[in-house]
Amino acid sequence: MKKNFPLKNIFAAAAILFSVQAQAASNEVNIYTTREPGLLTPILEQFTKDTGIKANTVFVKDGLAERVATEGAKSPADILMTVDIGRLTELVDKGLTQSIDNKVLNERIPEQYRAADGQWYALSLRDRILYAAKELDLASFHYEDLADPKWKGKVCIRSGQHPYNISLFAAMIAHHGAEKTEEWLKGVKANLARKAAGGDREVARDILAGICDIGIANAYYVGRMLNAEPGSEQHQWGEAIKVIRPTFSGTTDGGTHANVSGASVAKHSPNKENAIKLLEYLVSDSAQSMYAKTNYEYPVVAGVELDPIVASFGEFKADKLPMTEVAKNRKAASELVDKVGFDN
């Protein structure tokens with residue numbers, strides 16, 4: 001027998017269904033990230049345990065900005081997470097992020113490591129340091145010293161166009177100007193023991209092999225190498241070097257250069273409230289300590305317990321140059337790399 005249901009009952013059922021769907025949606029947060037999932041998994045799993053909010057990750061190796069732009073207003077992304085200040089500001093410049101004004105983030109993250117308008121926030125620091133052969137009698141170093149002729153044929157470095165080096169060169173421009181940075185790059189190139197190529201770990205490898213004595217690379221790779229299986233090649237590379245944190249000379253605020261990993265709230269975030277909760281969680285002491293101990297990166301929040309290997313590198317005095325100054329000089333840095341034929 002056919003039954004006719006009043007429209008009000010149908011609307012009521014639809015409202016209940018919509019409410020259930022909305023509740024389900026509000027119980028998750030979607031992260032688009034260029035970071036390897038394995039690096040984030042422990043932190044996100046703990047976030048879910050602590051908050052009940054499911055953290056979904058989409059690993060985007062290349063073209064994060066292009067993907068989000070293509071998805072447009074229908075994008076499910078809540079958080080856009082990447083490394084390097086250039087990649088963060090690219091997301092902002094392409095209109096893919098939104099501004100948030102959050103007390104927790106503003107209080108815990110130093111001003112130089114967040115956008116003034118809340119479009120991006122740094123979550124960890126990646127200091128660019130000196131790898132040096134252990135037998136060298138060397139306790140301190142300035143980035144400018146890389147161009148000193150006494151290091152001719154003794155310097156190793158990856159491609160000058162790699163984002164990690166472009167960030168460092170951009171900071172050099174901010175401190176000393178383009179003209180002096182160009183001369184410095186010429187000096188560094190003249191001191192290279194081999195073509196600027198490979199990765200940061202290959203700097204340690206080539207120091208062990210006697211190809212070079214010093215090189216510039218990121219600190220967190222040392223943690224990975226020293227925690228590799230004893231006797232393995234990478235462990236031997238890590239054992240062959242000592243870490244020195246260079247500073248910029250002749251500047252009032254010259255410390256060690258650090259790039260960042262960071263995140264933004266996506267412009268069309270469907271779960272904005274949960275996105276902000278995740279960002280707040282990621283700057284908590286517990287999450288920051290996990291960053292340090294899982295990835296060997298330096299916490300962006302002061303006073304957080306460090307990984308023992310990171311702690312063994314000694315005090316980290318960061319360059320006080322705002323990351324926005326680094327970002328705006330990246331194009332000029334890239335052009336100088338090509339002009340001097342650094343990678344040739």
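**Salt bridges in this predicted model**

Being four residues apart in helix α11 (residues 272-282), Glu-273 and Lys-277 are separated by about one helical turn; helices here are DSSP runs (H or I, at least four residues), numbered from the N terminus. The model is predicted, so to speak: local features need pLDDT of at least 70, side-chain atom pairs count only at pLDDT 80 or more, and totals for chains, interfaces and linings use all residues. Residues are numbered from 1 along each chain as its sequence is written, and side-chain values use heavy atoms, with hydrogens and water left out.

User: How far apart are the closest N and O atoms of Glu-273 and Lys-277?
Analyst: These two form a salt bridge, meaning a side-chain nitrogen of Lys or Arg within 4 Å of a carboxyl oxygen of Asp or Glu. Their closest N and O atoms are apart by 3.7 Å.

User: Is Glu-273 buried or exposed?
Analyst: Buried means under 20% relative accessible area, exposed over 50%, and partly exposed in between (1.4 Å probe, protein chains only). Glu-273 comes out at 56% relative accessibility, so it counts as exposed.

User: Which residue forms a salt bridge with Glu-182?
Analyst: Glu-182 is buried, with a relative accessible area of 13%. The closest N and O atoms of the pair are 3.2 Å apart, and the partner is Lys-339.

User: How many residues apart in the chain are Asp-285 and Arg-108?
Analyst: Their side chains meet in a salt bridge (2.4 Å, N to O). Asp-285 is in helix α12 and Arg-108 in helix α5, so the pair links distant parts of the chain, the separation being 177 residues.

Terms used:
Helix = DSSP H or I, 4+ residues; strand = E, 2+ residues; numbered from the N terminus.
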